[in-house]
Structures are given as C-alpha cells and as structure tokens.
There are 2 protein chains.
Amino acid sequence: MKDVAAAAEVALKTVSRVVNEEPGVNAATAARVVAAIERLGYRRNESARVLRKGRTASIGLVIEDVADPFYSGISRAVEDVALRNGSLVLSGSTGKEPERERGLVLTFCSRRVDGLIIVPTGSDHEYLLPELDAGIAAVFVDRPGGLDVDTVLSDNSGGARTGVTHLIRHGHRRIAYVGDSASIFTATERLYGYRHALRDAGLPYDESLVATGPAEQAGTALTGMLSFDDPPTAVFTGNSRITVAVLRTGHRLPMVAFDDFELADLLVPGVTVVAQDPVRLGSTAAELLFRRLAGELGTPERIELPTRLIPRGSGELRPS
Amino acid sequence: MKDVAAAAEVALKTVSRVVNEEPGVNAATAARVVAAIERLGYRRNESARVLRKGRTASIGLVIEDVADPFYSGISRAVEDVALRNGSLVLSGSTGKEPERERGLVLTFCSRRVDGLIIVPTGSDHEYLLPELDAGIAAVFVDRPGGLDVDTVLSDNSGGARTGVTHLIRHGHRRIAYVGDSASIFTATERLYGYRHALRDAGLPYDESLVATGPAEQAGTALTGMLSFDDPPTAVFTGNSRITVAVLRTGHRLPMVAFDDFELADLLVPGVTVVAQDPVRLGSTAAELLFRRLAGELGTPERIELPTRLIPRGSGELRPS
DNA sequence: ATGAAAGCGCTAACAA
DNA sequence: TTGTTAGCGCTTTCAT
C-alpha cells in the first residue's frame, strides 16, 4: 500500500480510501491510485485488515463428516449464504469425536471467526462459554448442544410419528423399529415419535421389536426379530445408514425409512421415506447466524423444520 | 498478551515465548505465565500472528459442489491431510461457473492462503499467474487447469477402456456410449477410452451410438438408439449423473458405468462400475501441496491415479 | 534467561 | 479533499 501511495504520489490513507471505496476522493486522484494498483499488482492484505477491524468476515462450520450427503447438503447451503453475506467458511469434520470437535472449534475461535455453526458431537459444550462471552456467535444444527444458543433442528419425533402412522394405516400392527443408539439426540426423538404413533393407534409398545445401536448391528437385529413366533410385518428405520444396512439383509419387508437417499426410487420396491431437508437446515442456521452478526438481539431461537413423507412403494405394502 | 504479561509480572516477549513453546524460559517463570494465561482465558490472536509471520497455515479448496459425493470425498480427504499438517481449509463451491471460481480463488488469495487446491471449471486460469508468482502454491485436481502446475487426475481413458473391454468380452459388439459434453476434459478422455477399446477389439466406431451432452438428455438419447434397426446391446455411461438418468429410463440394458455410487450393489441387477477414488485424489493433491509448501522444488508433477472395475451384474449380462 | 523496541499492513480518529 | 498519527497483537532483532 505504501508503494502504491508512492507511485500515485498520494498519502497512504488515500489509497486505503480508494481500496475501500470510501467516499470523498477526487475522481482524478482515485484514477491515479487505481492505475498504480493495477501496475504494481497490489492486493490488500486481509490479515492486516482483520487485525485492525476485529472482524474476519469468516465463519466456522463444524460437522460430522463432509463426505456424508446429509452434512454436505448443510455445507453447501451454509457456503452459499455465507458468500451472499461476504463471508468465507472455514470447515472441519469431527468424525463424531468430541475431542476433535473441541479442537476445531477452539482453532476457529483463535482465528477469530465471527461466528460458528456447529453440529454438536457429545453433550458437553461448556468450553464454548468463554468464546460466546468474547462475542463469537454460535448456532447449533441438527442437535441441541446443551447451551442456550440458537438451534435449528428437524422435527424428528413428528417425522417418525408420521412415518410409523403411515405403516399403521396400511394395516401393520407389529412394526419393528431399528435405529441409532439412545445416546444420540435424534435417535431418541425418533424413537419417541414411534412410540407416540403406536399410542395414537392404541397399539402396544413391544420392546422386543425395538433395536437401537450402530448400523453394523442393524441387519442382525432385524433378522433376529423375523425369527420370532409373532414377527414384525413392517420396519421403520431410524437413519440412512441403518436403512442401507437393513436393505442389504435382503429381507424385502414393508418399510418406511427416516432420511431420504439417492436412488431410493430406483430400488424395487421404491423406498418410502420421511425426508429431512439438509439444505434448509443449513441455510436457516446460516441466516440466523448472520442476523445475529448484524446485531439482532433477543433470546436464542429454537427452530424446528418440518419433515416430508415421500411414498414410493415400500411403505404402502400391506402385511403378507 | 499484554495483560498476561502484566499479571505474570514478566515482559511481553516472555509470554510470547511460552505460548510458542520456545526454549530458554525458566520453568518457574513459564509456570507463572501459564497460570496467568489460564486465569485470564487468554488465547493467541492468529490474525496478528499471521500478519507478522506471513504464513496463514490455511489452504483454499475450490470444488464444483460440496453436495456432490465425488467432491465431498475429495473435501474430506483434503481436510484430513490439512489437519495433520496443522492447516485449516477454506472451501467454496463454484457450481461450474468460471466467474465464481475466479472470485473464490482471488478471495482466498487476498486472505493469503498458503496454497490452493482447485478442481478447475473453465479453461482460462491466467488470472492465477500473478498469485503463483507471489508464492502461492497450487494443485489442480480431477482436470488439468491449463497451467503448468502440479495436477492429480484419474486415469479416465484407461478406466473407460477397461469398462468397455469388459462389455466386449461378454459378447457385445454394439455398445452405446452416453457421456458428458465434449467440452469437458474428463468426458473427452473417457470417450477416447471407449474408442480405444473398440479399436483394440477390431470393432467399428459408430457415431450413431455415441451421445454426448447434459444428463437431462441422456435418457432420451439412449431410448432413441434402442429404436434403431440394429440397436446397441449394451451401454457405457460416462458419469454418475448420466448413469442415474439412464437407470431412470427403466431399460435394463447390460451396462458398465464410469464412477461408483452408493447402492449400486442394491439395484437389480447390481451396476458394474469403473470406480474412481475421490479420497485418494484429494489426499494425493493435498500431500503434494504440503510438500511444495515445505519447500520441495522440481518441475510440476502430473499424477494419474488408477481406476478399478467392480463387477456387480449389469456388466456381465450377455447380449439378449 | 529475560526484556525493550521496532514494525508486519492496515484503518480510525483527527488535522489541515 | 487529502494527509498525519497512532495502534490493532503479535514476532523479530538486538540488548541486557
């Protein structure tokens, strides 16, 4: 900048004014400065600017795994909103490890991101409090983080309830639930929705039809249930990975799955799903964050986005 | 840092030494400083550090779309390698728009990323030259960027050749090729591989069996070919989106597809694919970049990663 | 082993 | 309209 000033024979500040398009610069002077900038190939040093202004125009995004379509949908949406707000996105995957999450978040904070969008892993987020005090805004997505900050969720229990009710309407009375471990917020919510649907229909809750645990065990669990004297006639699966695991068993049981997935319509029969909207989850969270960064006050919001039942065949099969 | 120094009753520089784990600090003094840091909740300001040191310990990743599994695989791999090298990743999606690519790249540069990993969109990357001169390292991935810099590609032509040869071995003599527009590097390479395989087998190249264009037209193109007097008995598809489009037509033609995709094994018949390895593409590019950042010299490398044929049923069907 | 001073490149506040 | 000065928080250099 100094060199540009010298080349254009003006003061440093004038160059700064031109670069930042501040008003109050003579057109001729400005032109001279622009020419000098071109000639010298000058580009503003953002680091210095950040140091001075205190705002980095960047946000941190912490998700479980970019390679998972659900999270990459969130990523893309956050990216787009950030770009529209003149902000860049630093992102990192936690791989479900709370330690890695903590590391990423703190690293982002020490780089002075303006705000954070976090899909929380683990439940203890106390470590965030000093950062929040220091003025970094945060939004939790997909799961609550145990702190009183803005949170954007899907309607997990409502979606599960709708899906299970759909099976009941098609004549099923013994419906298996295969889902994630109870330690995971979304899994608990979805199981709650399952129970709710049964209760609505006056059906008993039979624990032997409920399997919770990692996707690797989902197949065996369901196969076990099918060997009962009174086996389930349909299954509700709690997330994509479990759905795929169940499909791989080769049982073609009537089924509704939580979470949409690519090609669900090409399988035979097509898989009926309760779809979340990852893009909307991401954009809602990002919009909320940028509103906070723009100075919007008020108590933290908790937004629950609706899910959508998409019938494709597997959920409309009657008991055989 | 000033506050910490005051609290620990030492000079600024001593705090700096402790924070950076530089040698030559009395253990007792260091302990006092650490205590003060804890007490005050001090965290180093990276922006200032960057301003002083000149290195940002961050790299820029420019891809087509994080929401596409191929690119998100690359992302995840780059992220992991970056983390291992103590670096953060700024990332952005171009959505195939060269203007957006340029914007992202220049923004990243003005933030003084140490290096760039780019999946190039468009062919003109002249605008990068000044940045390269300024010392920013760059690696192209998936497609060459028209500049003489490190590049990591898949063996597109070899993979296509293997896939088409596989169909020929199963008795097909009229094989359709449905692929992306010829303006896209990978598409041209794959078409070349297709022709190569035909030539190897002494089969004629019949232009009427070749359709290139956007995925939306793939279905109609293939349907058209099937109404010929002498229709193709098998099809080779040039990328995932086209594969899906072809599958949606409902023709269950013998087929080999370029690019693996989730659930390819669950369709009936399973889809035989020529798989690329996005994770390896990303990690190779990132490793290369960090080697350059570590000062490795030498002429730009061009690495071509092998593809892998995965038979699943659709590619082993004989002509009917 | 510790410290003082200079300065990275920029912008805010105030002058002229 | 333009310029001067100070200082963001850190590391580097040189002294002690």
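Q: What does helix α10 of chain A lie across, and at what angle to β6(A) does it run?
A: Helix α10 (residues 218-226) of chain A lies across β6, β7 and β8 of chain A. It runs at about 165 degrees to β6(A). Contact here means heavy atoms within 4.5 Å. Angles run from 0 to 180 degrees between N-to-C directions, with axes fitted to C-alpha atoms, for helices over the stretch in contact.

Q: What kind of model is this, and how are its parts numbered?
A: This is a predicted model, where local features need pLDDT of at least 70 and side-chain atom pairs pLDDT 80 or more, while totals for chains, interfaces and linings use all residues. Residues are numbered from 1 along each chain as written, chains are lettered from A and ligands numbered from 1 in the order written, and side-chain values use heavy atoms, without hydrogens and water.

Q: What is the strand order in the open sheet of chain A?
A: The 6 strands follow the order β7-β6-β8-β9-β10-β12, with mixed pairing.

Q: Why are β7 and β12 of chain A said to stand at the edges?
A: Each has a single partner strand, so one side of each is left without a neighbour in the sheet. Neighbouring strands are turned by 15 degrees against each other on average, direction ignored.

Q: Which strands does helix α8 of chain A touch?
A: Helix α8 (residues 156-169) of chain A packs on the sheet and touches β6, β8, β9, β10 and β12. Its direction makes about 170 degrees with that of β9(A).

Q: How many strands form the open sheet of chain B, and in which order?
A: There are 6, in the order β7-β6-β8-β9-β10-β12, and the pairing is mixed. In chain B, β7 (210-212) and β12 (308-310) each have a single partner strand, so these two stand at the edges.

Q: How much area is buried between chain A and chain B?
A: About 4,200 Å², with carbon and sulfur atoms giving 56%. That is accessible area (1.4 Å probe) lost on being put together, summed over both parts. In chain A, A:Arg43, A:Leu88 and A:Arg111 lose the most, together 16% of what that side buries. The contact takes 45 residues from each of chain A and chain B.

Q: Why is the pair A:Arg100 and B:Asp80 called a salt bridge?
A: The rule asks for a side-chain nitrogen of Lys or Arg within 4 Å of a carboxyl oxygen of Asp or Glu. Here the closest N and O atoms are 2.9 Å apart, so the pair qualifies. Over all chains, a search finds 33.

Q: What is the N to O distance in the salt bridge of A:Arg76 and B:Asp65?
A: It is 2.8 Å. A:Arg76 lies in helix α5 of chain A and B:Asp65 in the loop between β1 and α5 of chain B, so the pair joins two chains.

Q: What makes the peptide bond from A:Val268 to A:Pro269 stand out?
A: This bond is cis, with omega near -5 degrees. A:Pro269 sits in the loop between β9 and β10 of chain A. In chain B, a cis peptide bond joins B:Val268 and B:Pro269, with omega about -5 degrees.

Methods
Two strands pair if DSSP finds at least two bridges between them. Helices (H or I, at least four residues) and strands (E, at least two) are DSSP runs, numbered from the N terminus. Buried area is the accessible area (1.4 Å probe) that two parts lose on being put together, summed over both.
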